[in-house]
Every structure is written in C-alpha cells, then in structure tokens.
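Subject: Structure handover

Hello,

Here is the structure I promised to pass on. Please open it first, then read my notes below.

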Amino acid sequence: MSESEADNHQNPIRFGILGCARISYKFCRTISLLPSGIATISCISSRSLDKARQFAASVRLQSSVKLLSPYDALLEDASVDAVYVPLPTSQHATWAIAAAAKGKHVLLEKPAALCVEELERILEACKKNRVMFMDGAMWLHHPRTAEMRRLIDDPSWIGRLRLIHTSCSFLAPPEFLQNDIRVKPDLDSLGVLGDLGWYCIGSILWATNYSLPKTVVASPSINLNPSGVILSCGASLYFDDGLVATLNCSFLSHVSTDLSIHGSQGTLLVRDLVIPYCEDGASFEVISGARFAELHIGWTKKPEEVAVEAPLPQEALMVLEFTKEVMLVRDKKSEPSLKWADISRKTQLVVDAVKRSIDKKFEPIYL
C-alpha cells in the first residue's frame, strides 16, 4: 500500500444521510461492503429524532453515529464530508444547495431535480463551493457497462448506430400507487418519467456518448393517476445523424430493464441493465456480421453472451468512485470532476423535453 493510500484508510470519507427513506437502508449496506477505511457513516438526520433512532437500530449502526434532527443540524456538523440525499425530488434543490454551501460533497438520488433550471442551481452551488456532485444511477458504474462501451465504440462490432430501444418498468402494488412519494404531485411530480424514465433516457444518451437528440416526441399512449402524475409513458428521440431511439417506462407492467442497441454491423442486447440478476456479475448479448442463411432457414451466427464479473455490487462501485473523487478534492490533488454533473444535466434536459411534449399534447420538442 502506498503512503497516500495508507493516509486515505486512516481518513475515510464521512457520510451524512439526509433522511431515513427506504433506499437509505441500501446505502448503509453499501458502505459496509466497501474496503475497510474508505468511507463511513458519521451522521443520520431525520425530521423526527425518534425516526432516526428507529432507523439506526434497524440497520444496526454503530453507537458512534450521530442521530440528528432537523436536517440543518447535519449540514452544520463538522464530522460530515459528504451527504447522501434520498429525499423526495421536490426537496432536492433546497437541500443539495444547502449542503454544497456548507462545503459538503453531494451524492443525490435520481431524478436529480424536477427540471433543468433546478438542477443548474444545484450544479452551480457545487461548482462555486468546490464540491463533488453525482446522481445515483448505479448501473453506470458496473464493469459490464465499460465492456459494452468498448464494443459499441469498436466499429467492427456494432458500426454506426441506427436504432436504440429501452424499457424500464415494474408492476406496482395498489399500496404503492396510492401512497408512494413517486405518485404524489407535491413530492415527485415527474412520476415514472423521473424515476424509471431517468434510466431509459440515461441509457440512450450513454449509448450515443451523450449526444443530445434534436427532437423529442412523447407517445400519446400514457397513463396518469387522478392527481395527474405519470404512471406510464413513452417517447421517441430523433438525432441529427438519423439515429432514432425509443423508450417506455411504467409502474403498470411486469419488471423490465432492457436496452437494445442496433447498428449497421451488429446488435447489443441487455435484459437487466438497471439491476443485474446477480450482484457478483452480469452479462449481455452481442451479435455482429450476421445475416439470414441461404433459403432463409436460419441465421449464419448466433448471439454471443459476454459475461463480466463485478468485484462489488454496482452501488458499492458507485460510492467507491464518488469517494475516491472526494478524496482527491479533500487532499487538494484535483478540482471536483464535472463529468457526472454534465451527464445528469443532459439526462435532465431530455426528461424535461419528454415532460413538455406530454404537457403540450404530444407536440415535438426541439432541443
């Protein structure tokens, strides 16, 4: 171990968690999976101190973890280097900006904001105060994603991109459709578009190396709840080079997290993009140079399965990458990376365009 690595193990990044949402349980597990000395939880805050106590007991946090209320108390605490923000989307701008103003690095659950104007305020606060920003799209940090990137960028495998399709869905139970924050207009007015649509749009932009579409059109096939929150929707994205991408996201259909990428030379298909079937690895299919056999009695090739091992679950790899970036800033070895901020902003821009198209009765939106 180098001297700098030894120093980092003695000075882990100390996380504070703003809120005791269900996904905060997963975050606590994630911290426990990281290599020793990389990161720790120093504070938990909640609107209710009793709720913070219940949360700490249920996940068996060490007694040294501070339990605080209200949220401001965590931001004032000097033992916090970075905050994890799993609050409802309507509260993201308020608390992410407040955290940045206090010099806390920001790991923000997705969707990052209700609109790009809100997100730009968050990103400006992070830049002004020299703190890292990253949203919680975990799949981007899985080693499978890097291997898919390698094949897409190799013209001999996929070639010029022609069509992308992605879907992300799950069949929500009645209790979810009645009570979950993701269907409440005052908490998360984007509904499924902000929740699962963030993954769909993010994966399309990832496939294109974050080129933005020129036109976005929402599909008229849409489901809203009585409060007008989106429960299922779709859209088509049109790019300057002729590429077309389609997406569907839903709280009303069987679980899916599919991504298919079709090029002039080959096709790549993944069925479990957002949450892999297993934590210790994931796979995808790729086929290149195939054609129909003579007399159209079959294909000349079958798809190849590419399996990729994962040293840690993807959420742990996300937090590990975030933590390493924060360490570089803390130790004055680099300025905060703007890579993840740019990815979030472009994703938010397209989310906004789909929402505007829906609001304008499915008119095309030009970016």
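A pocket, as used here, is an open set of points on a 1 Å grid over the protein atoms alone, with protein on both sides within 12 Å along at least five of seven lines. Grid points are joined across faces, edges and corners, and a volume is the space filled by probe spheres set on the points. The model is predicted: local features need pLDDT of at least 70, side-chain atom pairs count only at pLDDT 80 or more, and totals for chains, interfaces and linings use all residues. Residues are numbered from 1 along each chain as its sequence is written, and side-chain values use heavy atoms, with hydrogens and water left out.

Pockets and cavities

The largest pocket holds about 1400 Å³ of space. Its lining counts 46 residues; lining residues have an atom within 4 Å of a point. Nearest the centre of the pocket lie Arg 22, Ile 23, Asp 180, Arg 182 and Asp 195. Helices (H or I, at least four residues) and strands (E, at least two) are DSSP runs, numbered from the N terminus. H2, strand S7 (161–171), helix H8 (174–179) and strand S12 (252–263) each give at least two residues to the pocket lining. S12 has the largest share, with four residues.

A cavity is a set of points where a 1.4 Å probe fits but cannot get out. There are three cavities of 30 Å³ or more. H2 and H11 each supply at least two lining residues. The largest share of that lining, four residues, comes from H2.

Helix H3

Next, helix H3 (residues 49–58). Ala 52, Phe 55 and Ala 56 are buried there (under 20% relative accessible area; exposed is over 50%, partly exposed in between, with a 1.4 Å probe and protein chains only). Down the axis of H3, the buried residues fall within an arc of 95 degrees, so they line one face of the helix. The arc is that of the directions from the helix axis to the C-beta atoms. Gln 54 and Ala 57, on the other side of H3, are exposed. Cover for the buried residues of H3 includes helix H2 (22–33), strand S2 (39–45) and strand S3 (66–68). At the start of H3, a side-chain oxygen of Ser 48 comes to within 3.3 Å of the backbone nitrogen of Asp 50. Arg 60 follows H3, with a positive phi near 55 degrees.

Leu 312

Leu 312 sits in the loop between strand S15 (304–309) and helix H11 (314–330). With 17% relative accessibility, Leu 312 counts as buried. Leaving out residues up to four places away in sequence, Leu 312 touches Leu 33, Pro 35, Glu 279, Leu 317 and Leu 320; contact means heavy atoms within 4.5 Å. Leu 312 and Phe 27 are 285 residues apart in sequence and 14 Å apart in space, C-alpha to C-alpha.

Cysteines

How many disulfides does a search of the whole structure find? It finds zero, a disulfide being a pair of cysteine sulfur atoms within 2.5 Å. For Cys 200, the nearest cysteine sulfur is that of Cys 168, 5.1 Å away. Cys 200 is buried, with a relative accessible area of 1%. The sulfur of Cys 278 is 18 Å from the closest cysteine sulfur, in Cys 168, too far for a bond. Cys 278 counts as partly exposed, at 45% relative accessibility.

Best wishes

Conventions: Polar contact = N/O pair within 3.5 Å; in protein donor to acceptor, adjacent residues only side chain to side chain.
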